[in-house]
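Let's take a friendly walk through this model. Have your viewer ready and follow along.

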Amino acid sequence: MKCRFCHHELTHIFINLVNAPPSNSFLTKDQLNEPEVFYPLKLYVCDKCFLVQIDEYKKSDEIFNQDYAYFSSFSTSWLEHAKKYVDMITDRLELSTASHVMEIASNDGYLLQYFLEKQIPCLGIEPSANTAQAAREKGIETLEEFFGDDLAERLVQEGRKADLIIGNNVLAHVPDINDFVKGLKIALNSGGVVTMEFPHLMCLIQENQFDTIYHEHFSYLSFHTVRRIFAEHGLVLFDVEELSTHGGSLRIYARHDEDDSKPVTSNVTALLEKEASKGMLQLDYYLGFQQKADKVKYALVTFLLEQKEQGKKVVAYGAAAKGNTLLNYCGVKKDLIEFVVDASPHKQGKFLPGSHIPVVAEEMIKLNKPDYILILPWNLKDEIINQLNYANGWGAKFAIPIPLLEIF
Ligand SMILES: [Zn+2]
């Protein structure tokens, strides 16, 4: 196994979560009677470039099938985040009706709809058929494809270079990061800007966020490493912001090497120094993460067993990918968590992969009056607790599993 970026031999394991089914393959009732495929889930860290990466990967088209259930528009806080970004970037880059915006992994048009409102021409690229269709229904032109070198070349031939290329939570999800970044270089207009958001590896390690590891998530990136990857393909990171989304993300700003109209900001040097001071340029920083994850596991399992013995009822909220990694690594099944509530009608009536816990509508919380509600998407805990605060009426408590089990 060689590093996906620098091709150096990988010998250091970052974490081994043993195995898991693809985190977004929700099951129908009939499928519960069929065998379920589990794939190894193990990450390595490269001791040359410090790219943390999954060891084996399934073919992308096996994972992103027709049933791929994640629709971005079902999270109100994510929609707000998208709208704020569109207002900010439109001002900053002085985008107009003459500009061309492209979003990779545009999902159901949750973000591009705000460019559409401003009448700024935009194109979505989204390999998953049902979310791409939802975007088209909003009036957003969407290509149902994977982005990379090939597609970028084709877009250029059609005269469709972009002034702004956006990628939110896609950079870490591409199997071939070199091909992807090479494509960005090709598809970007000479004075154009690329912005990408992805979870920051520094936060993942500090906050025990091992549940953000799943098969669709190939790379785990520090700012140092992503800067090296972009530089290799002729792109300079000239600005960066630290965001609170997904437990701590980075938003990077890239331009062509040749474009000297955008000087590198002090944010870049400050973050490089911060990462270096944490030890992110030394292998030791990456080792020992397994023990941290196991502590989280033991605390959660102990809690669930105690509640079971005392006859308390525990349910969960949020059928997100991260919940599936957590529950599968902890070996939790329906006997310990009766059901999980999710707002997405695409998931209700189905069952979580691996654990087979049923996904139901929020109404079930009111009907069942559980003693504890375990919030799986801890990154949205404030939004969710606020939404479910009526459960305090019968004395229910909330539990957050990450960074370490907390009850309130
Ligand atoms: Zn490497």
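The paragraphs below cover a metal site and then a set of strands.

Before we start, note that this is a predicted model, where local features need pLDDT of at least 70, side-chain atom pairs count only at pLDDT 80 or more, and totals for chains, interfaces and linings use all residues. Residues are numbered from 1 along each chain as its sequence is written, and side-chain values use heavy atoms, with hydrogens and water left out.

Start at the zinc ion. Its protein donors (N, O and S atoms within 2.8 Å of the metal, or 3.2 Å for Na, K and Ca) are the SG atoms of Cys3, Cys6, Cys46 and Cys49, lying 2.3 Å from the ion. Along the chain, these donors follow the spacing C-x2-C-x39-C-x2-C. The angles among the four donor atoms run from 102 to 119 degrees, so the site counts as tetrahedral (all angles between 85 and 135 degrees). Cys3 counts as buried because its relative accessibility is 1%, while Cys6, at 27%, counts as partly exposed; buried means under 20% relative accessible area, exposed over 50%, and partly exposed in between, using a 1.4 Å probe and protein chains only.

Now move to strand S15, residues 372-375. Strands here are DSSP E runs of at least two residues, and helices are H or I runs of at least four, numbered from the N terminus. In a regular strand the side chains alternate between the two faces of the sheet. In S15, Tyr372 and Leu374 point one way, Ile373 and Ile375 the other, and all are buried.

S15 runs parallel to S12 (residues 314-317), joined by four bridges; two strands pair if DSSP finds at least two bridges between them. Here Val314 has Tyr372 as its bridge partner. Three bridges also join S15 to the parallel strand S16 (residues 397-400), with Phe398 as the partner of Ile373.

Definitions and conventions
Tetrahedral: all angles 85-135°; square planar, octahedral: opposite > 155°, others 65-115°.
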